[in-house]
Amino acid sequence: MPGPAATLMIEDALQAMVRKDGMVGTKYEKSKGFIPMGSHCCFGDFPTDYLPEGVKSKLKAAQRARTALLPRIKSDPGLTIPSKIQGFSWNPHLPPDEPPFAGARKRQIITASQFRNFYDRGDLPICILHGSVGGKITWKVDLERLDYHHFLPIFFEGLREKEDPYRFLAVTGTYDMLARGGPKILPVVPQLIIPMKTAFNTKDPAIICTVLKVLQTLVSADM
């Protein structure tokens, strides 16, 4: 039976087959500015002068889309020049008839997590076990000897990643640490609040479901 991370990958593949409009997947979300673009290659970014024109246009389009998602502060029209759309009278101090949308459920920009930075630098004691059925990871350090105060908050912060292998490693590593952490988990719980809150604030349904499932495992863990 596939694990939680492999289930997310299967769900992505299923959505790509069902929806033929191409409005799913990491490529689409990168073009719309929802998730980070990532590095150009495994060695980092190329200098700007050596980028092909096609890559430059894609980066500029993604930056414009990302800028369009940022909230804008607008002046209150009810406190400026009177007009017919302001309130129920010509009083400039009345609020407008149609207030703007609050955007409480609007998806927010997902910034790069510290998990991505740590993994790119090679600071995490994990690697992908290639060839395994269902997807597995290999720990370079015994989990009983792992510093949970340092690594568990980093893995929880990686739960908001939507691009593999970061998402796969963060989700699988989190479940492994919760399954074998024992009494080491309880002292680290206060440090997990901010990563979970940051993930919930993205208002992305897939990320929220992933964090809620991890939260269920955390509550039922043997601490």
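Residues are numbered from 1 along each chain as its sequence is written, and side-chain values use heavy atoms, with hydrogens and water left out. Because the model is predicted, local features need pLDDT of at least 70 and side-chain atom pairs count only at pLDDT 80 or more, while totals for chains, interfaces and linings use all residues.

Helices (H or I, at least four residues) and strands (E, at least two) are DSSP runs, numbered from the N terminus.

Leaving aside neighbours within four places in sequence, M177 is in contact (heavy atoms within 4.5 Å) with W139, L143, L146, Y148, F151, L152, F155 and I185.

V171 is found in helix α6 and counts as buried, at 1% relative accessibility. Not counting residues up to four places away in sequence, V171 touches P4, A5, L8, L159 and T210. The C-alpha atoms of V171 and F155 are separated by 7.6 Å, with the two residues 16 apart along the chain.

**Helix pairs**

Axes are lines fitted to C-alpha atoms, for helices over the stretch in contact, and angles run from 0 to 180 degrees between N-to-C directions. Angles under 35 degrees count as roughly parallel, over 145 as roughly antiparallel, 65 to 115 as roughly perpendicular and the rest as oblique. In the residue classes, Ala, Val, Leu, Ile, Met, Phe, Trp, Tyr, Cys and Pro count as nonpolar, Asp, Glu, Lys and Arg as charged, and the others, Gly among them, as polar.

| Pair | Axis angle | Axis distance |
|---|---|---|
| α4 and α5 | about 115° | 7 Å |
| α6 and α8 | roughly 10° | within 10 Å |

For the α4 and α5 pair, with an angle of about 115°, α4 is roughly perpendicular to α5. Q114, F115 and F118 of α4 meet H150, I154, F155 and E157 of α5; by class these are 4 nonpolar, 2 polar and 1 charged.

For the other pair, crossing at roughly 10°, α6 and α8 are roughly parallel to each other. V171, T174, Y175 and L178 of α6 make the contact with T210, K213, V214, T217 and L218 of α8. This contact has 5 nonpolar, 3 polar and 1 charged residues.

F115, R116 and F118 are buried in α4. They cover an arc of only 165° around the axis and so lie on the same side of α4; the arc is that of the directions from the helix axis to the C-beta atoms. The buried residues of α4 pack against β1 (126–129), α5 and α6. Just after α4, G122 has a positive phi of about 80°.

In α7, P195, M196 and A199 are buried. These residues fall within an arc of 95° seen down the axis of α7, so they line one face of the helix. The face turned away from the buried side carries the exposed residues I193, I194 and K197. The buried residues of α7 pack against α5 and α8. Just after α7, K203 takes a positive phi of about 60°.

Definitions and conventions
Buried < 20%, exposed > 50% of the residue type's maximum accessible area, 1.4 Å probe, protein only.
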